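Here is a briefing on one protein model.

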Amino acid sequence: MTFLFVASAGLHAQDVHTDPLNLTPEVHEAFQRFYIMDYDGALKGFHKVQSEHPDDPIATDYILYVTLFRELFRLDLLDTTFYANDGFLTGKHTVVEDPAARDQIKSLADKAIGQANVILGKNPNDVNALFARGWARSLEASYMAMVERSFGGGLKLALGAKNDNQHVLDLDPKYIDAKMVVGVYQYVVGALPLAFKLVIGIAGIHGSRSTGMDMLRDSAAHGVITSVESRTCMMLFLRREGKYGEAGDIAHGLAQQYPRDFLFNLEVANLTKDGGHGDEAIAAYEKLLADAKRPGYFPSSHLELAYFGLGDTLRGQKRYAEAAETFRKGAYESTTSPELKRRCLLAAGMAYDLMHDHAKASQQYQATIDAGSDTVQADQARKYMKDAYSGK
């Protein structure tokens, strides 16, 4: 297996350029652990790489990358339904930040950026250092936007990340990995609501969804360490545009490549549901939940995400009693975040109302309020306690 990887990497490297460390078997193996959500295994591998390359910013980036995504997963922030519309920007979302995790992520980002700056101080056109600095900036920006909801500070870091990666591409157009960050930036800025565009446009910040998607397609097809993440971003953006078939094709491909990745399999079910294929979606969710019961099959899983999607699908099929029970299961999983718990309880109440059992519905609405009285879900629960949810 190692020999085949090295051989194929050598052929791949003739077409694209990348940091030589990305082509080592040790880095490849650690990424494979990451892609099945074995975060501990990935960190063990990347820590070994870093110990052998203590001054290399890309080695620090590897650890930052896994540490960030492990924390986002713990917080249920890798649930793509959270980002499928503009409510992510305008809605009220509560996240209980872990100060220790925050400090570790920001410390790793600072370290990688500092290491890159040392190299760039000697050679401002070192593409590997530019890429490493841009990657670190983009990862910290993701944390600020997704966890801290600090869009201003996150945008500033994202702009720096985009500029670093664009500089890489200006110096070396074959450094395809750099297209991912630039592509994401282009798409996200281009897809912002008009009000946001007007504000940032004054500062000369512009983007294009089509340009961004083209760049992501290139990094998905040819990137050395950005192929999987580029496909994941494309899947999210296509879902946001309502292109469920195309997004589903990407999800199926990722799930086939990494069958032990819980989130890729969850996304297959989510996109099947969103595409209007209720019975197929129910089967996909049930298979996912059955696989999760196989000892060690998924290194990491959050069953509440599957329960919520399954409950939503059952409700759409008018199987209200099953939907209510499924939502309640999701609410009381040990890993359920406070916000998803409220979403599950609220949805269970709505299902009971559709069964014309307002007494049971009101119990779930009260539980929603008790789980966070100053929240969007609690406001909706108060409304439905007064006027039963009717599906309209």
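Helix α6 (residues 99-122) and helix α7 (residues 127-146) have axes that come within 9 Å and cross at roughly 160°. That makes α6 roughly antiparallel to α7 (an angle over 145 degrees). The model is predicted: local features need pLDDT of at least 70, side-chain atom pairs count only at pLDDT 80 or more, and totals for chains, interfaces and linings use all residues. Residues are numbered from 1 along each chain as its sequence is written, and side-chain values use heavy atoms, without hydrogens and water.

**The helix pair**
- Axes are lines fitted to C-alpha atoms, for helices over the stretch in contact, with angles from 0 to 180 degrees between N-to-C directions.
- Residues of α6, including Ile105, Ala109 and Ile113, meet residues of α7, including Leu130, Ala136 and Tyr143. Contact means heavy atoms within 4.5 Å.
- By class, this contact of α6 with α7 has eleven nonpolar, one polar and six charged residues.

**The core**
- The largest nonpolar core has 115 residues. Such a core is a set of buried Ala, Val, Leu, Ile, Met, Phe, Trp, Tyr and Cys residues joined through side-chain atoms within 4.5 Å.
- Phe31, Tyr62, Trp135 and Phe262 have the most contacts inside this core.
- Helix α4 (residues 57-74) gives the largest share, eleven residues.
- Beyond its neighbours within four places in sequence, Trp135 touches Phe31, Tyr62 and Ile225, among others.

**The whole protein**
- There are 20 helices and zero strands. Helices (H or I, at least four residues) and strands (E, at least two) are DSSP runs, numbered from the N terminus.

Methods
Angles under 35 degrees count as roughly parallel, over 145 as roughly antiparallel, 65 to 115 as roughly perpendicular and the rest as oblique. Ala, Val, Leu, Ile, Met, Phe, Trp, Tyr, Cys and Pro count as nonpolar, Asp, Glu, Lys and Arg as charged, and the others, Gly among them, as polar. Buried means under 20% relative accessible area, exposed over 50%, partly exposed in between (1.4 Å probe, protein chains only).
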